[in-house]
Amino acid sequence: LLSNPPPPLAVLGELWRMTRPACIPGGLALTFFGATIATGSVHCFREPLVWMVAAFSALTGAGSMVFNDYFDFRAGVDALKSKPLTDGTVHPEQALLAASTFYLTIFFFAALLEDPWLRLIVSSSILTTFLYTPLLKGIPMIKNVVVAFIISQAIVVGGLAANLANLHRLILPTIFVFSTIMWQEISMDITDADGDAKAGIKTLPVALGNPAAMGIAITFLLLAGATPFIPLAFGPSTTIGSLFSLPVAVLLPAAQAILIYGSLSAWRSSFDRKAMDKVLDRCFPVLAVALTILACFGV
């Protein structure tokens with residue numbers, strides 16, 4: 001039993017803050033983009049299954065945020081930060097209960113999904129986020145790959161929910177989102193490198209240094225920018241080769257150049273916090289523009 005628990009309404013408000021509500025629209029949008037790209041039409045929004053898996057993506061992200069804060073609190077990583085757990089406005093057991101409720105709710109409804117691939121991806125995403133903070137977060141690069149996988153799978157489940165016949169259309173968007181999120185996660189680790197080093201967390205910047213980590217991050221941006229040209233390696237007569245689109249090949253690298261330029265500027269500033277935050281703030285707008293390009297001009 002909790003001793004002297006905070007008022008229930010106040011706790012709910014703080015738990016809502018811990019879910020990072022600003023990130024929820026992004027999780028929903030990725031699923032809807034996947035459905036739109038797979039079907040080539042906005043009529044997919046009429047499908048209840050699309051809305052269901054979009055809710056799964058949003059709830060998975062929300063639960064992982066609360067779960068992450070709980071383990072960071074237990075490890076003492078957030079000791080000097082003002083957060084609900086460190087401020088005492090949410091009890092650790094309340095945070096753990098809330099995160100577990102998110103996960104169990106998704107598991108329950110995921111079991112009702114008829115398509116086995118959709119059920120597998122949703123379930124594996126939940127399991128991965130559950131294991132991320134206590135087991136995977138401390139492994140350099142692996143932690144970044146896990147986060148990028150969890151976020152990019154929202155594109156896949158959206159497409160699976162809307163149209164099983166055109167899943168090949170999701171190949172390029174998924175690679176693009178995965179690569180861009182890899183850049184974002186490594187860049188965020190760079191901004192937190194000093195605190196992570198003091199807490200004993202072995203991120204890529206802590207292990208290799210900020211310049212090497214940024215070099216790897218920019219490499220992922222270059223991969224994302226080169227995504228439209230992947231079909232050329234397979235030939236026009238193949239399923240993947242047929243995905244080549246000249247408008248996408250022109251516009252997607254142009255959008256990605258914004259992040260590459262911002263990353264190089266932050267590097268020149270010796271990774272100044274304001275410069276890093278400035279380029280990181282551009283990530284989701286660039287993703288939104290890029291996915292709109294793929295939805296409008298992709299084959």
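Predicted model: local features only at pLDDT ≥ 70, side-chain atom pairs only at ≥ 80, totals over all residues.

Biologist: Leaving aside its neighbours within four places in sequence, which residues is Ile175 in contact with?

Modeller: Residues are numbered from 1 along each chain as its sequence is written, and side-chain values use heavy atoms, with hydrogens and water left out. Ile175 has its place in helix H8, residues 171-191, where helices are DSSP runs of H or I with at least four residues, numbered from the N terminus. Contact means heavy atoms within 4.5 Å, and by that rule the partners of Ile175 are Thr227 and Ile230.

Biologist: Is Thr60 buried, partly exposed or exposed?

Modeller: Thr60 is found in helix H3, and, not counting residues up to four places away in sequence, Thr60 touches Ile106, Ser125, Ile126 and Thr129. The classes rest on relative accessible area with a 1.4 Å probe and protein chains only: under 20% is buried, over 50% is exposed, and in between is partly exposed. Because Thr60 has 5% relative accessibility, Thr60 counts as buried.

Biologist: How many degrees lie between the planes of Phe32 and Phe45 in their aromatic pair?

Modeller: Rings of Phe, Tyr and Trp (its six-membered ring) pair if their centres lie within 6.5 Å, and planes under 30 degrees apart count as stacked, over 60 as edge-to-face and the rest as tilted. A search of the whole structure finds nine aromatic pairs. In one of them, Phe32 and Phe45 are edge-to-face at 5.1 Å centre to centre, and the angle between the planes is 70°.

Biologist: Which parts of the structure hold Phe32 and Phe45?

Modeller: At 13% relative accessibility Phe32 counts as buried, whereas Phe45, with a relative accessible area of 34%, is partly exposed. Their pair ties together parts that are 13 residues apart in sequence, because Phe32 lies in helix H2 (residues 24-39) and Phe45 in the loop between H2 and H3.

Biologist: Why is the pair of Phe67 and Phe130 stacked?

Modeller: Phe67 counts as buried at 4% relative accessibility, while Phe130 is partly exposed at 39%. Their ring centres are 5.0 Å apart, and the pair is stacked because the planes are at 20°.

Key. Helix = DSSP H or I, 4+ residues; strand = E, 2+ residues; numbered from the N terminus.
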